[in-house]
Amino acid sequence: MSFDGSFTHSMKNELTDLLQTGRISKINQPYPNELILTIRAHGKNQQLLLSANPTYARVQITKVPYVNPSVPTNFTMIVRKHLSGGILSEISQQENDRVLTFTFTARNELGDQTKLDLIVEIMARHSNIILVEQATGKIIDAIKHVGSDVNRYRLLLPGATYIKPPKQDLENPFTMTDFDRVRQLIKDFPNVDVLAENLRKTIQGLGNDTSLALATSLHKDEKVETNFKDFFQKFDSPEPTFSHVAGNKINFTAFPYPGTTKNQTFSTLSELLDAFYASKAQRDRVREQGAVLIQVVKKQLKKNRTKLKKLQRDMKETENADDYRVKGEILTTYLNKVQRGMTSIELPNYYDENKLITIQLSNQQSPSQNAQRYFKKYQKLKNAVKFVGEQIQLTKQEVDYFENIQSQIELADPQDLIDIKYELEQGHYLRDHEQNKKKKNKRQKINKPEKFVASDGTEILVGKNNLQNEKLTMHTADKRDTWLHTKNIPGSHVIIRSFDPSEKTLAEAANLAAYFSKARGSAKVQVDYTKVKNIRKPNGTKPGYVIYDNQTTLFVTPDENLIDQMRK
């Protein structure tokens, strides 16, 4: 599984067929290391994703929706300035390396026609997207600036001359004519794994899985040149494939590699990558964009859990309140036996068969003052019981609330983070940012819940955070609709848009409720359902908090495949 040079070769061909001669209509940078160009080509709008993400660097057409930041980055503004309305004239690859150049014809500020190269280097943590003026070779800007302190070989800074990545002393498999070296490798290394390792040192653009597949193909028989050419010709006529290998690991490849099973094919390489990266890249984006929210939630959880432990210790101390009352009463009864200056005294405890009890005294206080000191301690602890009990309840609610928020961030899409951030700002857990200060009196629009469709066609709505949950349940849903939620576990509110759903639809909706909850990885999750009319929100409670009655409980096991089938 790798976006290696050979896969890049196939992707270049696919993008050329779909995008060449197309015109750029939009340029957005929804995530720090990713650029999306909307290109109108052959009568269709296509979203070209250029990613310099350290983990998921790639180039593809994507259909995955995204949300733009409210303020575009400097890099976005510069690319828009130079490329808006530009025509894609060519897509080229550097040898068989993971470097693609998108050449655009555009017009400069004077109206003169100019050629610009948007270069995407797919090199793990060194991945980058660089805009270069073709005539001068000067860098206009890069999505990641790289100075001499990081890379002495070349600068990736505005105004610097663009230098290509160091050329590898390897053979381009798509232009090779001499196969004697390959024949010698087969002779020297009869073991397939060892041969694959040495092919990577000889042939350009081979990932681990591609080199192993090539080594297997070369070992078929002695027709080395034929087998080699046949293998690489398949990259020009790809069959985009998910392949299952040992340990149930899934690879994506340009065509089914030898030795793989349970292959699933796609119509395009881009659809293959959308299917493979959608959830993986999404989680990474959520972690990246939600870093501040995650830190706020962790800090609040730590603070409230520490507070809860202290309150529970205080509550335990109140259990001894009656001991202070007893000692105060005994001192009062035998006051004539207590002398000023004593530090302790043994007196009969008439509450315990007159057994002797030792009572500590202050030698600075009179006998009656000592007795009053015990009564005051007793009264203080008795008063504390109610206060500490209330504080324990409130603190437990805070812990539950932030555990719920934490769960929502784990399950969130990037656009859901906007609602969670707004909720934390409204609760004064997170400082308001400038855009919210400007719109202080204007309520932020809450994102719509996610839509699913049951097998019988019934629409099911799922709230992805507290604000969505509250809006969905208390304002959007009909009182006769059916509401579902995991029993005693943080999770989404689920609404079935039907007054009388079938048992199968109830089971499918319960699966959604279990999947979008903290119990996602559990088996036999309890899910309650009832009519919306039975839901109530107590005054002064946190967003999304409700109470309900007349519920029925279902037991379900979250099924990701079923969820995918129900997505609208």
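**Entry 1**

I began with β15 and strand β16 (residues 459-462), which pair in the antiparallel sense over 4 bridges. Strands here are DSSP runs of E with at least two residues, helices are runs of H or I with at least four residues, and both are numbered from the N terminus. I count two strands as paired if DSSP finds at least two bridges between them. Within this pair, I found Lys-451 opposite Leu-461 in β16.

Before going further, I note that this is a predicted model, in which local features need pLDDT of at least 70 and side-chain atom pairs count only at pLDDT 80 or more, while totals for chains, interfaces and linings use all residues. Residues are numbered from 1 along each chain as its sequence is written, and side-chain values use heavy atoms, with hydrogens and water left out.

I then traced the whole sheet: it is open, has 6 strands in the order β15-β16-β18-β17-β19-β22, and its pairing is antiparallel. I identified β15 (450-453) and β22 (552-556) as the edge strands, each pairing on one side only.

Helix α13 (residues 466-476) packs on it and touches β16, β17 (482-486) and β18 (494-496), with its direction at about 140° to that of β16. A contact requires heavy atoms within 4.5 Å. Helix α14 (residues 503-515) lies across β15, β16, β17, β18, β19 (525-531) and β22, and runs at about 40° to β17.

**Entry 1: Asn-469**

I looked up Asn-469, which is found in helix α13. This residue counts as buried because its relative accessible area is 1%; the class limits are under 20% for buried, over 50% for exposed and in between for partly exposed (1.4 Å probe, protein chains only). Leaving out residues up to four places away in sequence, Asn-469 touches Gln-408, Gly-463, Lys-464, Gly-491, Ser-492 and His-493.

Strand β1 (residues 23-31) and strand β2 (residues 34-41) run antiparallel and are joined by 6 bridges, with Lys-26 opposite Thr-38 in β2. The hairpin from β1 to β2 passes through 2 residues.

Strand β3 (residues 44-51) pairs with β2 in the antiparallel sense over 8 bridges, and Leu-35 has Leu-50 as its bridge partner in β3. This hairpin has 2 residues between its strands, and His-42 in the turn has a positive phi of about 55°.

**Entry 2: nonpolar cores**

I take a nonpolar core as a set of buried Ala, Val, Leu, Ile, Met, Phe, Trp, Tyr and Cys residues joined through side-chain atoms within 4.5 Å. The largest has 65 residues, of which Leu-37, Leu-50, Phe-102 and Leu-118 touch the most other members. Helix α7 (residues 269-289) gives the most to this core, with 5 residues. Beyond four places in sequence, Leu-118 has contacts including Leu-35, Leu-37, Leu-50, Phe-102 and Ile-130. A second, separate core of 23 residues includes Val-527, Tyr-529, Ile-563 and Met-566.

I checked the length of helix α9 (residues 321-333): at 1.5 Å a residue its 13 residues should span 18 Å, and its end C-alpha atoms are 19 Å apart, which agrees. The expected span is 1.5 Å times one less than the number of residues. Ala-321, Val-326, Gly-328, Ile-330 and Leu-331 are buried in α9, and its buried residues pack against α8 (291-318), β13 (344-349), β14 (355-360) and α10 (367-411).

I found helix α11 (residues 416-426) mostly covered, with 8 of its 11 residues buried; among them are Asp-416, Leu-417, Ile-420 and Glu-425. His-428, which follows α11, has a positive phi near 65°.

**Entry 3: confidence**

The chain averages 89, and 94% of the residues score at least 70. Confidence is highest in strand β8 (residues 128-133), at 97, and lowest in helix α12 (residues 434-438), at a mean of 47. Over residues 434-441 the pLDDT is below 50, and this stretch has 5 contacts in the model beyond near neighbours in sequence. Where pLDDT is low, the predicted coordinates should not be read in detail.

Terms used
Axes fitted to C-alpha atoms, helices over the stretch in contact; angles between N-to-C directions. pLDDT = per-residue confidence, 0-100.
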